[in-house]
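Hi,

Here is the structure I said I would pass on. Have a look at it first, and then read my notes below.

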Amino acid sequence: MKYIAIIPARYASTRFPGKPLAMLGGKPVILRVYEQVNTVLSHPTADTGLIEEKNVWVATDDQRIFDTVQKFGGQAVMTRSDHKSGTDRIQEAVEHIGTTADVVINVQGDEPFVQQSQIETIIHLFDDEDTQIGTIGKPFETMEQVDNANSPKIVCDMRGYALYFSRSVIPFIRGAEHPSWLQHFPFLKHLGLYAYRREVLEQITKLPQSPLEKAESLEQLRWLQYGYRIKVGLTDVETVGIDTPEDLERAELLLKAMI
C-alpha cells in the first residue's frame with residue numbers, strides 16, 4: 001500500500017479568519033501541522049507500508065498560505081475557492097498532483113498536535129481489504145463532553161465499522177439516570193482525521209448531499225447513507241483543534257508545557 005497525506009487549508013473562516021497563518025510558538029499553524037504529518041510519513045515504522053516520495057501536501061485556495069508553505073520548503077497545491085468541504089478540496093488536489101497512492105489521508109489544517117500514533121492507527125485500518133474510508137474515535141471521559149453537540153458521537157458494529165454519527169447522545173441508555181450513562185456504555189467521540197482509498201475519494205466527492213448529512217451537518221453521513229463503509233480506529237490521544245483565537249491561546253500554553 002502507498003499513502004499520501006493532504007492538508008486542506010483555507011484562509012476564510014467565520015470564527016477565525018486567517019487561522020492557518022496565525023502564529024503558534026513562532027511558526028504558522030499550517031506549518032506546524034505540515035511538520036507533524038511530514039515527520040510521521042517521512043519516518044514510517046517498518047510495518048506501515050510504502051510512502052509516496054512526495055508524501056505531504058497542503059491544498060489551499062489562498063496565495064498567502066501557498067507561499068508560506070513553499071517558503072519553508074513544503075509542498076502546496078492551489079485549488080478552487082468554491083469547495084464546500086475539505087474532502088472536495090482534497091480530491092481536486094489529488095487530480096492536480098497526479099498521485100498513484102492507494103490511500104489518501106486527510107489531516108485538517110487546524111490540528112497542529114496530530115500524533116504519530118493517530119496517523120499510524122488510521123493507516124492500519126486499510127490492512128482490512130473491506131475498508132473504504134477510515135477515521136478514528138476516542139472514548140469520552142465525562143458526560144459533559146458527551147452532551148456537547150459540537151463533539152459528534154460514533155456508534156460501531158462488532159467489526160469496528162461505523163453504524164452512525166450524530167451530534168446527539170447515542171445510544172440512549174434505558175433504565176439509567178442520564179449523569180451515570182458513561183458507566184453503562186463506552187461513548188465514542190469522533191475525531192476529524194480521515195483516510196480514503198483513492199478511487200473511493202473520487203466517488204464520494206461526486207455524490208449529492210444526503211438527507212442525513214443535511215439534518216446533522218456531518219458529511220460522513222452522506223457516505224454512510226449512500227452505502228460506503230467507514231472503519232473506525234481507536235485512540236487514547238486527544239486532539240487540540242484551533243477554531244477560535246481562544247483555542248490558539250490554549251494551544252500556545254499546551255505547546256509551552258510540551259517543551
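Which residues does E213 touch, not counting residues up to four places away in sequence? They are L218, E219, L221, R222 and Q225, where contact means heavy atoms within 4.5 Å. E213 has its place in helix α7 (residues 211-216), and it counts as buried because its relative accessibility is 5%. For that word I use under 20% relative accessible area, with exposed meaning over 50% and partly exposed in between (1.4 Å probe, protein chains only). Helices (H or I, at least four residues) and strands (E, at least two) are DSSP runs, numbered from the N terminus.

Before you go on: this is a predicted model, so local features need pLDDT of at least 70 and side-chain atom pairs count only at pLDDT 80 or more, while totals for chains, interfaces and linings use all residues. Residues are numbered from 1 along each chain as its sequence is written, and side-chain values use heavy atoms, with hydrogens and water left out.

S217, in the loop between α7 and α8 (220-225), has a positive phi of about 55° although it is not a glycine. S217 counts as exposed because its relative accessibility is 55%. The peptide bond from I170 to P171 is cis, with omega near 0°; P171 sits in the loop between β9 (162-166) and β10.

Now the inside. A nonpolar core here is a set of buried Ala, Val, Leu, Ile, Met, Phe, Trp, Tyr and Cys residues joined through side-chain atoms within 4.5 Å. The largest one has 38 residues, and I7, V37, V58 and I105 touch the most other members. Helix α1 gives the most to this core, with seven residues. Apart from it there is another core, of 28 residues, including A59, I90, I154 and L188.

Buried residues of α1 include V33, Y34, V37 and V40. Leaving aside neighbours within four places in sequence, V37 is in contact with A5, I7, V56, V107, V114 and I119.

On a 1 Å grid over the protein atoms alone, a cavity is a set of points where a 1.4 Å probe fits but cannot get out, and a pocket is an open set with protein on both sides within 12 Å along at least five of seven lines; lining residues have an atom within 4 Å of a point. Grid points are joined across faces, edges and corners, and a volume is the space filled by probe spheres set on the points.

The largest pocket has a volume of about 1900 Å³. Its lining runs to 47 residues, with R15, Q108, D110, R167 and D243 nearest its centre. Strand β10 gives the most to that lining, with five residues. By class, the lining has 11 nonpolar, 19 polar and 17 charged residues (Ala, Val, Leu, Ile, Met, Phe, Trp, Tyr, Cys and Pro count as nonpolar, Asp, Glu, Lys and Arg as charged, and the others, Gly among them, as polar).

The second largest pocket has about 210 Å³, and its lining has 10 nonpolar, no polar and one charged residues. Strand β8 (153-156) supplies the largest share, three residues.

V107, Q108 and V114 are among its lining residues.

Cheers
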